[in-house]
Amino acid sequence: MVTAFVRSVLAEPRAPDPPARAWWDWPLVGALLVTAVGEAIFRSDVPWRPLATVVALLVIPALLWRRTHPLLATVVGFGGGAMVLQIPTILDGVGEVGLNTMACVLLLPYSLYRWASGREALIGTAIVAVPVTLGLAATENVGDLIGGAMVVVASFALGAAMRYRAVARQREVQQVRTLERGDLARELHDTVAHHVSAIAIQAQAGRAVAATDPASAVEALAVIEAEASQTLSEMRTMVRVLRDGETADYAPQRGIGDLDELTRMSPLVQVHCVGDLADLPQPVEVSVYRICQEAVTNAIRHALYPTKVSVEVRGEAGDVRLRVHDDGESARPATTVGYGLLGMAERAKLLGGVCQAGPDPAGGWTVEATLPLEAAR
């Protein structure tokens with residue numbers, strides 16, 4: 001059992017896409033450097049002052065790389081800085097050596113468990129354990145001993161907890177995307193079935209009139225060619241999004257002609273369709289309806305005291321644009337992306353478009369999407 005656990009830890013990859021630096025990293029490091037210099041100048045009880053100052057000035061900048069190179073930063077902070085500060089204790093029996101500013105190295109165990117791979121985390125834990133153990137062994141006060149050990153363990157635990165939370169969130173997002181892609185795949189199945197039926201009918205008609213009316217037979221072949229090309233394109237799209245184990249749903253899919261049904265959800269909903277919206281690709285029609293449906297549902301569910309929920313769909317040259325706006329006081333945090341919003345964005349992305357949602361500068365909440373027609377065809 002222990003062997004299996006160790007193997008699973010060693011196989012753990014690094015956390016994906018670690019941010020190189022946050023905007024506040026530079027002010028943090030700058031403030032720590034200034035604090036370290038001030039502490040070295042004004043504190044009179046610092047033993048081995050030159051050594052403590054040099055170590056602090058060398059270790060603190062390593063915090064800038066704690067996310068992208070967590071093991072290297074840990075080696076510098078604990079394998080280098082913290083170990084060097086143990087030398088006076090070992091040689092001279094001096095008590096605590098180092099500036100109080102060096103407490104910033106507690107960010108490194110957190111970063112190690114948050115961003116590093118399993119192998120790096122094990123190596124880093126061993127590196128941290130050596131100076132921490134030496135330092136705690138030299139502590140005579142039992143309370144300080146327990147407190148110091150708990151602080152280090154808490155740093156590790158917080159990093160592991162944040163990593164687990166990020167992984168759980170990523171899995172939930174992936175599940176939403178998978179479900180949305182499965183829905184789109186079923187809708188594309190209906191579209192492909194429609195085109196194949198048209199091809200079969202044209203082929204039968206062409207064969208029937210081939211002997212008596214060759215021109216009509218040629219026209220039928222042209223229709224078959226166009227339908228086959230469109231079917232092949234949409235079938236390729238379906239293969240990209242289809243997931244194993246999904247069953248096809250043969251129910252008729254909603255489209256732009258069904259948008260008026262959204263007004264049944266609430267008397268506040270108003271639907272306006274303008275521009276050229278005829279003969280749109282089936283995936284675009286279905287996506288327009290689904291995005292509008294989700295946006296209207298969110299508005300009714302989350303908006304506070306709205307007086308109107310407007311749905312506008314506009315057909316323009318080369319794309320379809322939609323806008324759903326409510327004028328209520330939104331209870332949705334601007335920084336939180338819900339699963340419904342993720343589903344709308346994923347649906348638009350699969351068709352080569354974009355979907356954005358957020359607070360409107362004029363008040364309320366707005367969902368806007370642009371779906372290109374050429375990509376869908």
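Author: A salt bridge is a side-chain nitrogen of Lys or Arg within 4 Å of a carboxyl oxygen of Asp or Glu. Keep that cut-off in mind. The model is predicted.

Start with a group. D25, R66 and R67 are linked in a network of salt bridges. In total, the structure holds eleven salt bridges.

Now take a pair. E12 and R163 join their side chains in a salt bridge, with 3.6 Å from N to O. That value is within the 4 Å cut-off. Where do the two partners sit? E12 is in the loop between α1 (2-10) and α2 (25-42), while R163 is in helix α8, so the bridge ties together parts that are 151 residues apart in sequence. Next, check how each partner meets the outside. Buried means under 20% relative accessible area, exposed means over 50%, and partly exposed is in between. E12 has 34% relative accessibility, so E12 counts as partly exposed. R163 has 9%, so R163 counts as buried.

Move on to R323 and D360. Their salt bridge has its closest N and O atoms 3.2 Å apart. R323 belongs to strand β4 (residues 319-326), and D360 belongs to the loop between β6 (354-359) and β7 (365-372), so this pair ties together parts that are 37 residues apart in sequence. R323 is partly exposed, because its relative accessibility is 29%. D360 is buried, because its relative accessible area is 16%.

Then look at R43 and D45. These residues also form a salt bridge, and the closest N and O atoms are 3.0 Å apart. R43 counts as partly exposed, because its relative accessibility is 22%. D45 reaches 52% relative accessibility, so D45 counts as exposed.

The largest pocket holds about 900 Å³ of space. It is lined by 27 residues, and the closest to its centre are Q86, E96, V97, G135 and L136. Which helices supply at least two residues each of the lining? They include α4 (70-84), α7 (118-137) and α8 (142-209).

Note on methods:
Residues are numbered from 1 along each chain as its sequence is written. This is a predicted model: local features need pLDDT of at least 70, side-chain atom pairs count only at pLDDT 80 or more; totals for chains, interfaces and linings use all residues. Side-chain values use heavy atoms; hydrogens and water are left out. On a 1 Å grid over the protein atoms alone, a cavity is a set of points where a 1.4 Å probe fits but cannot get out, and a pocket is an open set with protein on both sides within 12 Å along at least five of seven lines; lining residues have an atom within 4 Å of a point. Grid points are joined across faces, edges and corners, and a volume is the space filled by probe spheres set on the points. Helices (H or I, at least four residues) and strands (E, at least two) are DSSP runs, numbered from the N terminus. Buried means under 20% relative accessible area, exposed over 50%, partly exposed in between (1.4 Å probe, protein chains only).
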